[in-house]
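I opened this notebook to record what I looked up in one structure, entry by entry.

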Amino acid sequence: MNKKVIKQYLEYLELTGIRDIFFEHKPNFSIDPKEVKSQKLKNLENTYKSCNKCELSKSRNKFCYGNGNPNAKLMLIGEGPGADEDRTGKVFVGRAGQLLTRMLKAIDLQRDDVYITNIVKCRPPNNRNPLQKEKESCIPYLEEQISIIQPKLILLLGKVAAISLLNKNNPLKKFRKTTHKYKNIKTYVSYHPAALLRNPKWKKFAWVDLQKIQIDYNNLS
Ligand code: SF4
């Protein structure tokens, strides 16, 4: 039973003049863990939406916290919002986001199955790479998201995300060769969909990565 239903029922009792409630059996007022996670994420998004910890706050239109399933087993992390994201406040909604949606679909996942966010929550001007101090300011927000969602798998989209979280300055090819651990969570690295739009010949390599992720995802309990 969710909190809204309980509140409505109590209001109804009050309106109809009932002051006492008797239960024949112990009521089951357990709260859905998915709702708890969702509420925690919403609260944090509201807390941070006016963040001005770094220079990116000066040029952003909208803070882009992240979207998707708060109970996701797979979390996708990109680099930073682009122009469409900055306009809407949602992550991966532009052309790259649409390609990402199709890539997920190819391994039988919907956007609602996963949670998607970025290393920095505000758009770097002209889509430049986020600076080290901007990433350091913003990564604590990402760490909080991960600790709330507790994904079983992470997919880092692109070299910037991989370098930022795995603390190694490898080429993407080397990052992709193996899986990694981030916060003790099995972590994959693959191409950022924006890079695939610029270099469609890399899509066949991204497909190889996706198939490995699909096998792991389907083996999760
Ligand atoms: S990028 Fe992150 S740290 Fe910088 S202003 Fe935006 S939310 Fe704050």
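**Entry 1. Overall.** I note at the outset that the model is predicted. I counted 10 helices and six strands in the protein. Along the principal axes, I found that the C-alpha atoms fill a box of roughly 70 × 45 × 30 Å. Of the 221 residues, 35% are buried. I then turned to contacts with a separation of 6 or more: 73% of them join residues 24 or more positions apart.

**Entry 2. The sheet.** In what order do the six strands of the open sheet lie? I read the order as β1-β3-β2-β4-β6-β5, and the pairing is mixed.

Strand β1 (residues 67-68) pairs with β3 in the antiparallel sense over two bridges, and Gly 68 stands opposite Tyr 115 in β3. Strand β2 (residues 74-78) runs parallel to β3 and is joined to β3 by four bridges; here Leu 76 has Ile 116 of β3 as its bridge partner.

Entry 3. Helix α7 (residues 159-166) lies across β2, β4 (153-157), β5 and β6, and runs at about 125° to β4. Helix α10 (residues 203-218) lies across β2, β4 and β6, at about 160° to β6.

**Entry 4. A helix pair.** How do α2 and α6 pack? Helix α2 (residues 33-48) meets α6 at an angle of about 170°, with the axes 10 Å apart. The two helices are therefore roughly antiparallel, since angles over 145 degrees count as such. From α2, I listed Lys 37, Lys 40, Leu 41, Leu 44 and Tyr 48; these meet Tyr 141, Glu 144, Gln 145, Ile 148 and Ile 149 in α6. By class, this contact holds six nonpolar, one polar and three charged residues.

**Entry 5. The ligand shell.** I found 14 residues around the ligand, the closest being Cys 51, Cys 54, Ser 57, Cys 122 and Cys 138. Which helices each supply at least two residues of this shell? They are α3 (56-59) and α6 (132-149). The largest share, three residues, comes from α6. I sorted the shell into eight nonpolar, three polar and three charged residues.

**Entry 6. Leu 197.** I placed this residue in helix α9 (residues 193-198). Is Leu 197 buried, exposed or partly exposed? Leu 197 is partly exposed, because 15 other C-beta atoms lie within 10 Å, whereas a buried residue has 20 or more and an exposed one 12 or fewer. Leaving aside neighbours within four places in sequence, Leu 197 is in contact with Arg 95, Ala 96 and Leu 99. Lastly, I checked Leu 197 against Gln 211: they are 14 residues apart in sequence, and their C-alpha atoms are 19 Å apart in space.

Note on methods
Residues numbered from 1 in each chain as written. Predicted model: local features only at pLDDT ≥ 70, side-chain atom pairs only at ≥ 80, totals over all residues. Near = placed C-beta within 6 Å. Nonpolar A, V, L, I, M, F, W, Y, C, P; charged D, E, K, R; others polar. Pairing = 2+ DSSP bridges. Contact = placed C-beta atoms within 7 Å. Axes fitted to C-alpha atoms, helices over the stretch in contact; angles between N-to-C directions. Parallel < 35°, antiparallel > 145°, perpendicular 65-115°, else oblique.
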